[in-house]
Amino acid sequence: MPTGTIMKALSGYYYVKGDDSGETLQCRARGIFKKRGQSPLVGDRVIFEETENGEGTVDEILPRDSALIRPPVANVDLAVLVFSVVRPELNIQLLDKFLVHIEHERLDALLVFTKLDRIPDDEDGERIRRDVEAARELYESIGYDVLLTSAHQGEGIEELRQRLAGHIAVFAGQSGVGKSSLVNALVPGLTLETAEISDKLGRGKHTTRHVELVSVNGGGIVADTPGFSQLDFAELGIDEIGSCFREFRRLADGCKFRGCSHTHEPNCAVQDAFGRGEVSASRYENYKSFMTEWKEIKRRY
Ligand SMILES: Nc1nc2c(ncn2[C@@H]2O[C@H](COP(=O)(O)OP(=O)(O)O)[C@@H](O)[C@H]2O)c(=O)[nH]1
Ligand SMILES: [Mg+2]
Ligand SMILES: [Zn+2]
């Protein structure tokens, strides 16, 4: 029987895209799932079957690699973290905060800087270019891929398409940074609402919808709903923040104390590396401010 991916779930139907056919079939789930307390999720790899009425049934859910809660999508393995370089400008602290949550979900992250076409040709633009280049160097040195793009001019879109191949990805990032514009640029013919359109219609920017996966030419699949909208640290343990900083995680074996918080302990490999300039000041400062924020949250509970 054929295999496929659930692209959308709506009113008791699952829309399954067949691996071989490439077609999407409207399916009901077999009653057996309910008995087993199983519930198919968008993103699930399934075995399905076509029935006489032109519909189908989902017969089996193949083992899940992961299940994200917000948005509820199975088998996501990549977060595309989108930040614009102008309007709004790069916010490195917010970027690090998104990265903590992405690492906590054990997803790989791809950093995409957008609106490169919008950098002005003046002194301010010079400064922005320097900041963008510094950020690119920093995050590449930590081990993240960084893409510079313009959805309006097509810059970086083919690289993004290639990077998505074989993955189920969620887009993360503040509202207005250009997530929908990127997805629209990736999928010709798709018209996700961008901010301008929703402004005209007078709708709120955070209209919640059902989750739907979109196939990208070239083999990638993306969720059309932004992930990681909630960015507080309530769900993290104190020692988890440090392990969500990739370069700290690599260094932590060299700390003298187990569960070292990398703030005041002697013989701390992270503090030592920071002292030698091998951990960037912005990363270390952001880490400390997240630790403070974490303590603040826990104190309130
Ligand atoms: N100049 C320029 N503007 C962009 C680009 N990408 C998005 N925008 C604009 O930024 C605004 C927000 O884009 P949108 O895709 O809705 O952002 P989202 O909220 O992250 O989905 C819209 O006015 C877009 O036209 C780009 O590459 N260049
Ligand atoms: Mg959008
Ligand atoms: Zn330490």
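Reader: Before we start, how should I read the numbering and the values?

Author: Residues are numbered from 1 along each chain as its sequence is written, while chains are lettered from A and ligands numbered from 1 in the order in which they are written. This is a predicted model, where local features need pLDDT of at least 70, side-chain atom pairs count only at pLDDT 80 or more, and totals for chains, interfaces and linings use all residues; side-chain values use heavy atoms, with hydrogens and water left out.

Reader: Which protein atoms are the donors of the zinc ion (ligand 3)?

Author: Donors are N, O and S atoms within 2.8 Å of the metal (3.2 Å for Na, K and Ca), and sites may look incomplete, as water is not among the atoms. Here they are Cys255 (SG), Cys260 (SG), His262 (ND1) and Cys268 (SG), at 2.1 to 2.4 Å from the ion. Along the sequence, their spacing reads C-x4-C-x1-H-x5-C.

Reader: Why is the arrangement around the zinc ion (ligand 3) called tetrahedral?

Author: Four donors count as tetrahedral if all angles lie between 85 and 135 degrees. The four donor atoms here subtend angles of 104 to 115 degrees, so the arrangement is tetrahedral.

Reader: Is Cys268 buried or exposed?

Author: Buried means under 20% relative accessible area, exposed over 50%, and partly exposed in between (1.4 Å probe, protein chains only). Cys268 has 1% relative accessibility, so it counts as buried. His262 at 5% is also buried, and so is Cys255 at 10%.

Reader: How do I check the span of helix H2?

Author: Helices (H or I, at least four residues) and strands (E, at least two) are DSSP runs, numbered from the N terminus. The expected span of a helix is 1.5 Å times one less than its number of residues. For the 13 residues of H2 (residues 92-104) that gives 18 Å, and the end C-alpha atoms are 18 Å apart, which agrees.

Notes:
Tetrahedral: all angles 85-135°; square planar, octahedral: opposite > 155°, others 65-115°.
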